[in-house]
Amino acid sequence: MERLRHDDPSRLGPYLTLARLDADSFDGGAVPERRYLARTADGERTVLLCAPLPDAAAPAAWAMEAELASRLSVPRFLRPASQGSEAGLPWYAVPYAPVLPLPAALAAHGGPLPEDLVRRLGAELAAGLAAAHARGQAHAGVSPAAVLIGAAAPLLGCFGAVRSAAPGGPPGLDPGCLAPELRSGGRPEPLGDVFALGAVLAYAASGHTVPEQSELPPGLRRLLASCLARDPADRPSAPQVLHALSTTGPARTPAPAAAPAATVLDEQAPPPLPGRVVAALAAQSSELLASELPAAPPARPAPQKVH
């Protein structure tokens, strides 16, 4: 949780903003939208509340992407539960659960995540992207900040950040996650998501979206290099990334010959989150529970009739 700034809205729709989800700066690039922890005035509902950046060139396009995301039922995609507009500023909300943006998770952990956890994270995100791509839909906003880490499976937010951006690229999207064809003005396609996923996993494993090969675990180097290929034709598809992450890995015990090959997503006990990440999630939940609602603005006096 981060303190609100002077230019943050105190209220959006029925929700009073309590804190920012994201820090002002971190090593994973800025965030392509504003994200708040918020609560209704009666204290009954707590939400993650999202709105476009103050300098967003096309708030209407951002709102259209939020509407599209609300109609998609894709595993691992953050799905708006409600949306609206306040004084011309569009917003959407999802029910709150403790989550850390991936850069905050690395900061809490004190560095890159363990390889087994990076593989699990990548497999979960690749599964979601594969489901979206099968419907002909690209996420177009995959970046470290878009990945939300919680006690359950990770979620992908910032849907459509590239599509809703003005020419020149979306503000707040890590340039290392933008595929070459998008930097040259091409339209978002599924293989651009794969490039961005490769950059996200490189970040999770090294702390950088454009790392040196030597900074990556040997078991991930070949796969991530293929995801980050300049030519989209040289990249694997999301299902191929899922397969690669699910069936290979460090120090895996082979399954018996008569049994079907196990995958990362089938394991009974997935790699646990590091203790410091769990502690940061618990601290966020505790701080939010202890947060007091801001005082409601005083009611305006009724206008007096002039005789």
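Buried residues account for 47% of the 307 residues in the protein; buried means under 20% relative accessible area, exposed over 50%, and partly exposed in between, with a 1.4 Å probe and protein chains only. The model is predicted: local features need pLDDT of at least 70, side-chain atom pairs count only at pLDDT 80 or more, and totals for chains, interfaces and linings use all residues. Residues are numbered from 1 along each chain as its sequence is written, and side-chain values use heavy atoms, with hydrogens and water left out.

The accessible surface of the protein comes to about 15000 Å². Carbon and sulfur atoms hold 56% of that surface. Areas come from the Shrake-Rupley method with a 1.4 Å probe; for residues, only the protein chains shown count as cover. The secondary structure comprises 8 helices and 9 strands. Both are DSSP runs numbered from the N terminus: helices are H or I with at least four residues, strands are E with at least two. Of the contacts between residues at least 6 apart in sequence, 64% join residues at least 24 apart. Contact here means heavy atoms within 4.5 Å.

T40 belongs to strand β3 (residues 34–40). Its relative accessibility is 4%, so T40 counts as buried. Leaving aside residues up to four places away in sequence, T40 touches P14, Y15, R45 and L293. T40 and Y15 stand 25 residues apart in sequence, yet their C-alpha atoms are 4.5 Å apart in space. Polar contacts were also assigned to T40. The side chains of T40 and D42 are joined by one of 2.6 Å. The T40 side chain also reaches the backbone nitrogen of E44, at 3.3 Å. A polar contact is a pair of N or O atoms within 3.5 Å; within protein, one must be able to donate a hydrogen and the other to accept it, and residues adjacent in sequence count only if both atoms are side-chain atoms.

Aromatic pairs were then counted. The rings considered are those of Phe, Tyr and Trp (its six-membered ring), with centres within 6.5 Å; planes under 30 degrees apart count as stacked, over 60 as edge-to-face and the rest as tilted. The count is 3 aromatic pairs. Y15 and W91 form an edge-to-face pair, 5.7 Å centre to centre with 85° between the planes. This pair links distant parts of the chain: Y15 is in strand β2 (residues 15–20) and W91 in strand β6 (residues 89–95), 76 residues apart. Both Y15 and W91 are buried.

The rings of F77 and F159 have centres 6.1 Å apart and planes at 55°, so this pair is tilted. It too links distant parts of the chain, 82 residues apart. F77 is in the loop between α1 (59–71) and β5 (82–86), F159 in the loop between β9 (155–156) and α4 (180–183). F77 counts as buried at 9% relative accessibility. F159 is buried as well, with a relative accessible area of 11%. R163 lies over the face of F159, 4.9 Å from the ring centre. The criterion is NZ of Lys or CZ of Arg within 6 Å of the ring centre and within 35 degrees of the ring normal.

H139 touches F77, F159 and R163, among others. Its contacts also include L129, L156, C158, G160 and D193. H139 sits in the loop between α3 (115–134) and β8 (147–150). H139 counts as buried, at 0% relative accessibility. A polar atom of the H139 side chain lies 3.4 Å from the backbone nitrogen of V142. G157 is another residue that H139 touches. The C-alpha atoms of H139 and G157 are separated by 9.1 Å, at 18 residues apart along the chain.
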